[in-house]
Amino acid sequence: MTAITQPPTTPEFSGTGTILNPATGAVAGEVRWTDPSDVPAITAELRAAQREWEQHGAKERATALARFAVWLGEHRSEIEELLIKETGKSAVDAGQEVPLLIMILAYYIKTMEKALAPARRPAALPFLAIKKITIHYRPRPVVGIIAPWNYPVANALMDAIGALAAGCAVLLKPSERTPLTAELLRRGWRESGAPDVFGIAQGARAVSEAVVDSVDFIQFTGSTATGRKVMERAARRLTPVSLELGGKDPMIVLEDADVELAAHAAVWGAMFNAGQTCVSVERVYVLEPVYQRFVDAVVRDVQALHVGAGEGHFGALIDESQLAVTERHVADAKAKGAQVLTGGRRADGPGSFYLPTVLVDVDHSMACMTEETFGPTLPIMKVATVDEAIRLANASPYGLSASVFSRDVERAKDIALQLDCGAVNINDVISNLMCTTAPMGGWKASGIGARFGGVEGLRKYCRAETVVVPRTSVGGGFAYYNNSLKTLARMNRMMTRLALAGPRRAARAAKPAKPTRTAT
Ligand code: NAD
C-alpha cells in the first residue's frame, strides 16, 4: 500500500510549497508561504483599511457581504472541486461547506444593522434619569482567524463573516495542510468588489504566532492543546480570544427512542467527513432494552457505506498522522476487550482512507471513549440507566455538544439540561450548526466563548463604548468638590438609601426556590 503524506508537514515553510491530494497523491496546487516577519506589516495595512470599512456603516457592509454571498453561490463548483483536491473529501461532504456559509451570510446580512445599532439603556435609579445612556458597538480593528484543516472553507469563513459584518478587518491564517481554498475565497472577496479588509497569512506555527502577536482579537479553531498555547501567547498583549476546540460528543439513546432514526443519525454523525468534524458523534450510550436493535441497525447502515474521495460517502483522512490516531484508538480498544463489528482497519489501496468502524464492548478505560478520535469510528456502550448515561456523557474533559434520542421530547429536554456542553440536539445530530440565530460554542476543554451565530456572533468582535449624555443643560456637578464635605456626605447617604430600596423590597418578597425536575 502506498502511503501518501502531505509535504507541508516538513518544518520549513518558506518560499513556495506543494499541496498534495491525500486521496490520490496528485498535486492539488502551490502555495506561497508568508514570512513571519511580514505579518506585522500585513496587519498594519489591514488596520489602515479597516477605518473606512467601519465608517461605511452596517448597511453598506451588508451590501458588500451580499455581493460576496452571490459570488460564493456562483463559484460553488469551483470551490468544491478545489476542496476535494486539497482534502481528499467526498463530493457530498465538500458540498456542505458553501451552503452553510451562505446561510450564515444571509442571516447576518438581514440582521446586522439592527444587531450593531447603538443600544439605549435606561437609568437604573431615579437620580440618574437626567442621563441618556447609549452603548455603541465599535469593531476591534483586526481580527486574526486561525483555522484548522477539516473544513477549510467553512471554518475559515464562518467566523470571518461575523467579524467583517461587525466592521473589523480579518487576517486569516488557514491550516498549513489546506491553504489553497483560502486563497480562492480571498479572490472571491476581491472579485465581489469588497475593499481590502480580508488578508491571508500562509504558514504554520511561526506565522500563527506572528498573527497572535499583531492582531486585536483572535478567533482560534483547532485542537485543545494548541488553543491553550494561543491563549497563553495572547495573554502577553492581553489580546482577547475566542477558542473553538476539540470534542468527544456523546449520543444517548433511550429505551423509548425511534431506534432506526437514532441509528441513521449515529452513522451519519460519526462518519461524515470521515469523522473529522468537531461535533461528530464520537461515543454512544444506549439503554439496555434497545441496545441490540440499535447495534444491528448501525452495523447494517455502516456496511452500506462506500469510502472514496469524490464519489464515496466519505473520503480520505487528512494525512497519515490522523489515520495513526484512529488506528491507535481501535488497537487500544481491541487490546482491552472491545469487539470490532465492522471495519477496524485502513482501506486497501493508496491514500489515507480508513474503513467505517463500529466498536462494542467498550468502556471508559479505552481511548476510543475518552480521547478525540477524529476518524470514522463509532464506539457503542450499553448502559443500565439514564443516570449512568448522563454520568458517562459528562465524564469527559470536553463539552462541545451532545444528542439525546427519545420519543418523549420533554424527557429528552430534561436530560439535555443535565449535560455539560454548549449544545444538545434532540432526535437529531449536529443540527444546532444550522441554527444561525444561536451562538455555537463549547464548554470545558472544548472552548471559550462562542463562534458564529446570533447577535453574540457579531458583538464578540466589538468593544462596547458607553456614551453618557446629559438630558438637560444640567450635567453632573452634584458630587464635585465645589460642594461642602457635609453636602457630599449627605449625597452619599441619599444614594445608599435610594440604591437599597430595591434590594430591601426584593429581600422581603423572596420565596424559597422551586425544586427542579429530574430526568428519570
Ligand atoms: P491544530 O490545533 O493542530 O491547528 C489549528 C491551527 O493552529 C492551524 O492553523 C495551525 O497552523 C495553528 N497552530 C499550530 N500550532 C500553533 C501554535 N503554537 N500557536 C498558534 N497557532 C498554531 O488543529 P488541527 O489539527 O488543524 O484541527 C483539528 C482540531 O480542530 C481537532 O481537535 C478538532 O476538534 C478541532 N476543531 C474544532 C472545531 C470547533 O468548532 N470546536 C471545529 C473544527 C476543528
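User: Hi! What should I know about the numbering and the model?
Analyst: Residues count from 1 along each chain as its sequence is written, and side-chain values use heavy atoms, leaving out hydrogens and water. The model is predicted, so local features need pLDDT of at least 70 and side-chain atom pairs pLDDT 80 or more, while totals for chains, interfaces and linings use all residues.

User: Which domain does UniProt list?
Analyst: The unreviewed UniProt entry places "domain: Aldehyde dehydrogenase" at residues 18–467; such annotations may be inferred rather than shown by experiment.

User: Okay, helix α11. What span should its 16 residues have?
Analyst: At 1.5 Å a residue, residues 320–335 should span 22 Å, and the end C-alpha atoms are 22 Å apart, which agrees. The expected span is 1.5 Å times one less than the number of residues. Helices here are DSSP runs (H or I, at least four residues), and strands are E runs of at least two, numbered from the N terminus.

User: Which residues of α11 are buried?
Analyst: Among them are L323, V330 and A333. Buried means under 20% relative accessible area (1.4 Å probe, protein chains only).

User: And what do they pack against?
Analyst: The buried residues of α11 pack against β12, β13, α12 and β14.

User: Switching to T342: where is it?
Analyst: T342 is in strand β12.

User: Why does T342 count as buried?
Analyst: Because its relative accessible area is 13%.

User: What polar contact does its side chain make?
Analyst: The T342 side chain makes one with the side chain of Q303, at 3.4 Å. A polar contact is a pair of N or O atoms within 3.5 Å; within protein, one must be able to donate a hydrogen and the other to accept it, and residues adjacent in sequence count only if both atoms are side-chain atoms.

Notes:
Buried < 20%, exposed > 50% of the residue type's maximum accessible area, 1.4 Å probe, protein only. Contact = heavy atoms within 4.5 Å.
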